[in-house]
Amino acid sequence: MFSYYLKIAWISILRHWGLSLLMICAIGLGIGAAMTTVTVNYLMSANPIPHKSEQLYYVQLDSWDVNDPFDEGKNPPDQMTYTDATNLWKAKKAFRQSVNAQTYAVIEPNDPDLLPIIADGRANTADFFAMFDVPFIYGGGWTEQADINKELVVVINKETNDKVFGGKDSVGETLKIDGDMFKVVGVINTWEPKPRFYDVTTGAFNKSADIFVPFSLIAEEKVRRSGNTNCWKPSGDGLAAFLAGECVWTQLWVELKTEQDKQEYLTFLNAYVEEQKQYGRFLRPLDNRLSNVMQWLENQEVVADDAKMMMAMSFMFLVVCLLNTVGLLLAKFLGKAPEIGLRQALGASKTTLFSQYMIESACIGLAGGILGLILAYLGLKGVESLYGDTMQGLATLDVSMTALAIILSLVSTILAGLYPTWRACNIQPAQQLKSQ
Amino acid sequence: MLIMKDISKIFQTGDIQTHALRDFNLTVNEGDFISVTGPSGSGKTTFLNIAGLLETYTHGEFLLDGEDVGKLNDNGRSRMRNEKIGFIFQGFNLIPDLNLFDNVDVPLRYRGFNAKQRKLRIEENLERVGLASRMKHLPSQLSGGQQQRVAIARALATSPRFLLADEPTGNLDSEMANGVMSLLEEINQQGTTIVMVTHDALLAERATRTIQVKDGRVSELEILAQQAIA
């Protein structure tokens, strides 16, 4: 009977093409608007490293001014001082730990025909690659010894490897960065976690780095740091004074396997701060925090409030579109009252008729869903062109979003069709047959 | 085959009750061709709707082919309509969007016949009413008489034992009406029981038995006749 219902639905949709088109447009517009905002929210709030996001913790210490708390006392500083980051890194109390900060550099390719490249860089410690499951094509990360020895080693991304080395296995090659010769130890595959959780302070949806170098090279002035820097008291002149000062500009991530490990690490952090207090630092009350990946993204409000508001409004718009569809379906089905009466006389039960008209509703929903997908695609392109780089990679419809759009349109239309179908199935056949 | 005992039908509109049928008694035997006549508003159509299970009754007992209709739920009534009853209406009631083949196909779909059986039955019955060559036409492309023939083919497609016709010639000119009546007579001679509501006295006389309905009851004369038959 299913194929028969489909055939009847198709004939009915064609016969009342104007009404059908209106319904498809109403559903399509509603789904298109809802899916555009849902997709942006979904990608903004996606878990960028689902298999271990519960084991990776961002570390915060409240080293701020006692008289002028950071973020009005609601949160400790969102980054860490160089002193604390390096102390905690050296303590090695976690399973893995990585200090990192944003850098930038000029690469001078070995090929004299190629122009210098300004690269976005990241200065990090060795565990970074293993902690965040960075995928390598060639080679791997550097060793902890390279961090300690301040070796001039570099990991480059695929794009840089393609540009500078023509895509070949460049491990062991040298690369001139800011005037120094660095040895390539690894080439990573395309790696663009969305959100870019490991450093949301410089843009949660920015591109990942082109090159990765040891964090210890910052102190050696072999690479130049960039990114956000906040200080609550003057640090004095020169890099050494800056590094020893109370400016926050580094991020410390630790990998802790169990809840017990987390508690132990927190105890360690508190002990560390208590110890630092003896040196006249950390004048504020203890407020050390460990946030896992999703907690950290939530804390940093990676999904903006206006994006949530837009999503709520788009769903309200979908409801309005569906209410219109209810009206149109009601008009259509009640217009078919004589046919419904006749079908009852010829042996159709209410259940049979209900199935038939629900399938017709679902067909309209499916068509509306497809139109909605097209509109959502256009909507996302619009969002991308409006917001530029900030939305790069956020404005794409993946398989799950496509499936969600179709399911949402089918479910919505079936819900919208329930009342009209129920009304249609309760038509008294005798009255309809006589009135024809 | 059809037994109605003390059937009454009351329509309630606000506080007003309208008795469409009261103490309606009728027995229809297998092979009968009964014409039902009576003035407008006498209850003929209500009787036909109840007989066709399109409407429920308020009181009484109604047995169709031995089954107590009052005990059937919606699905049971639908099944019985589909299996045992064929309908012919004054307004033909064909589905305008479907061609003749698909119109005749409707009750066969609900009966659950397979594609081969359906095709055979559709062709056979359209052949029977002389419209086999036009099965891909839409109803709007046919004359009134031809449309009624399609409706008869549709009614016969499921091989019902019982054919209910409500003014089947009401919308036709006399020549077409005569053709349709001849077809009904032929169908009755082949064993199908027919109950036909009509205003036309001449057509009514062509039935093997005539009953008159007045004020929602079978008239006195008919009661006497039924007693004589018994």
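This is a predicted model: local features need pLDDT of at least 70, side-chain atom pairs count only at pLDDT 80 or more; totals for chains, interfaces and linings use all residues.
Residues are numbered from 1 along each chain as its sequence is written, while chains are lettered from A and ligands numbered from 1 in the order in which they are written.

Chain A has 15 helices and 13 strands. Both are DSSP runs numbered from the N terminus: helices are H or I with at least four residues, strands E with at least two. Of its 436 residues, 43% count as buried, with 20 or more other C-beta atoms within 10 Å of their own C-beta, placed from the backbone.

The contact between the chains takes 20 residues from chain A and 21 residues from chain B. Residues are in contact if their C-beta atoms, placed from the backbone, lie within 7 Å. On the side of chain A, helices H1 (2–15), H12 (337–345), H13 (350–387) and H15 (429–435) each give two or more residues. That side divides into 10 nonpolar, 5 polar and 5 charged residues. Here Ala, Val, Leu, Ile, Met, Phe, Trp, Tyr, Cys and Pro count as nonpolar, Asp, Glu, Lys and Arg as charged, and the others, Gly among them, as polar.

**The sheet of chain B**

In chain B, 6 strands form an open, mixed sheet in the order S6-S7-S8-S3-S9-S10. Strands pair if DSSP finds at least two bridges between them. S6 (85–88) and S10 (217–218) of chain B are the edges; each has a single partner strand, so one side of each lacks a neighbour in the sheet.

| Strand pair | Sense | Bridges | Facing residues |
|---|---|---|---|
| S7(B) and S8(B) | parallel | 5 bridges | B:Ala165 and B:Met196 |

Side chains in a regular strand alternate between the two faces of the sheet. In S6(B), B:Ile85 and B:Phe87 point one way and B:Gly86 and B:Ile88 the other way; all are buried.

**A helix pair in chain B**

Helix H3 (residues 100–111) and helix H5 (residues 144–157) of chain B pack at about 30°, with axes 8 Å apart. Axes are lines fitted to C-alpha atoms over the stretch in contact, and angles run from 0 to 180 degrees between N-to-C directions. H3(B) and H5(B) are therefore roughly parallel, the word for angles under 35 degrees. Their contact residues divide into 8 nonpolar, 1 polar and 1 charged.

Methods
Two residues are in contact if their C-beta atoms, placed from the backbone, lie within 7 Å. A residue is buried if 20 or more other C-beta atoms lie within 10 Å of its own, exposed if 12 or fewer, and partly exposed in between; C-beta atoms are placed from the backbone. Angles under 35 degrees count as roughly parallel, over 145 as roughly antiparallel, 65 to 115 as roughly perpendicular and the rest as oblique.
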